[in-house]
Amino acid sequence: MTTSPAIPADSATAPEDADTSRTPRKWWKFWKLPIGVQSLIAVGVGALIGTFAPAVGEQLKLAGDVFLNLVQMIVVPLVFPLIVLGIARMDSAKKVGRMAAKAILYFEIVTTIILLMAVALAKLLDIGSGAPVAGADEASVETLEQGIDFHELLLHAVPKNVFAAFAEGNLLAVIVFAGFVGVALAAIGEQSKPMTSVLDSLANAMFKVVGYVIRLAPLGVLGFISYDVAHYGFGNLSSLLGFLAVVYVGMAIILGIIFPIIAAIFRVEYVTMLKAIGNLVGLAFVTRSSEAVLAPLLLKLEGLGVSRSTTSFVVPLGYSFNTDGSVLYQAVALVFLANAYGVDTSIPTLLLMVGVLVILSKGMAGVASASIVVLIAAGNTIGLPAEAVALLLGVDFIADMARTAVNVVGNSLAASVIDKSEEKAEAKAARSAATPGDELGDTVLAGRRSADG
């Protein structure tokens, strides 16, 4: 007599056997691996393609460009509703102004500290002295020699046509317009509910779209790395290894010393934050695009307890005004070029350079080829020729990886710091309004979290 194939007594072990039998069929499926692992594999494959099949690597740039286009496609329709909702749900216009003032002050202070550290490090190591200055491709910077026009920069931030700003992906102008709309919705009270409901649905839909796009990140990474290695190669690195080393040491000082000190002062759990956003920082590193991680970064920060009104306001604002990694790169690059060209690097000159960079670095995300334009404009103030910047173009993509990653961490920390400050401000206001023994402060903070969620 045959035994029945289904024995209830074995049902407890069946799932284990099933899992074991399925494992060999799953581990090799690339798309089942975590995005971070997929991207790491894509880096290795891309480097091999760029090295041994450069013609193919050049063509794969299309894959990277398609991924970036997909990312840029959703940035504006996501940022706009988040900022509007974040402001509309604040208690008052006074709170909006207070948060904006705190954010700008924070950006200025941290940027200045990083610039001073970067200039001191580059000056101490005397990088660039004796570096070859011949052979730079001057034609590659000819179209950027005009520097930065502050008149145009201000007009760029205040659009005369909001639809044009949306179509062009002018993030700075979108933030300004969203701020006005958010304040207006807060002012009309109950009448704003239909519009806030629509914007809330739009934001949730965009988060869903982001999930789809992020699944294609490894393809974008493959395209970027293949093209970079094929196009630039590794031959230009030898004479600029010292420059790149100082840039990366500076980034390590920011991540390992400056940011932890700031986090400790404001009681932000820095290590926990890094663990939460680590995959996104890695993705920003290999894609060289902070926009690629904007939407998931907002979700990660909310998961860490940072309120939605803070993240949706501070992080997008920081993308234009808080580029910590970029300003370090610019400071080190200017000292390197000044030494290479024999330009004065006395203390007064370096302080002048820091002051210029503090101003020029704000709003730089709204300018095409931003880092190069800022370098040329700041270089002009200390007597550097515009073509000097061409020396660094061959290795710019390597430095760009680090500065993009640090920018992402810097904006995450900024949002966490501002949120902690807002919590203290609201708790203090609640205590001053409450009678002794009241629990109003706790109620206000709980209500804030509920409204933000």
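**Surface patch, then helices**

Mentor: Val 37, Ile 41 and Val 45 make a nonpolar surface patch of about 200 Å². Like charges are joined within 9 Å, and nonpolar side chains (Val, Leu, Ile, Met, Phe, Trp, Tyr) within 5 Å. Areas come from the Shrake-Rupley method with a 1.4 Å probe; for residues, only the protein chains shown count as cover.

Trainee: What are the ground rules here?

Mentor: This is a predicted model, where local features need pLDDT of at least 70, side-chain atom pairs count only at pLDDT 80 or more, and totals for chains, interfaces and linings use all residues. Residues are numbered from 1 along each chain as its sequence is written, and side-chain values use heavy atoms, with hydrogens and water left out.

Trainee: Which helix holds Val 37?

Mentor: Helix H2, residues 35–52. Helices are DSSP runs (H or I, at least four residues), strands likewise (E, at least two), numbered from the N terminus.

Trainee: Why is Val 37 called partly exposed?

Mentor: Because its relative accessible area is 36%. Buried means under 20%, exposed over 50%, partly exposed in between (1.4 Å probe, protein chains only).

Trainee: New topic. What does H12 look like?

Mentor: H12 covers residues 270–287, 18 residues. Its first and last C-alpha atoms are 24 Å apart, close to the 26 Å expected at 1.5 Å a residue. The expected span is 1.5 Å times one less than the number of residues.

Trainee: Where is the kink in H12 centred?

Mentor: On Ile 277, at about 60°. The bend is the angle between axes fitted to the seven residues ending there and the seven starting there. Ile 277 is also one of the buried residues of H12. Just after H12, Arg 288 takes a positive phi of about 60°.

Trainee: And H11, where is its kink centred?

Mentor: On Ile 254, about 35°. Ile 254 is among the buried residues of H11, including Phe 243 and Gly 250. The end C-alpha atoms of H11 are 35 Å apart, which agrees with the 36 Å its 25 residues should span. Just after H11, Arg 267 has a positive phi of about 60°.

Trainee: What separates the C-alpha atoms of Ala 217 and Leu 283?

Mentor: 7.8 Å, though they are 66 residues apart along the chain. Ala 217 lies in H10 and is buried, at 0% relative accessible area. Leu 283 is among the buried residues of H12.

Definitions and conventions:
Patch = residues over 30% accessible without salt bridge, like charges linked within 9 Å, V, L, I, M, F, W, Y side chains within 5 Å. Salt bridge = Lys/Arg side-chain N within 4 Å of Asp/Glu carboxyl O.
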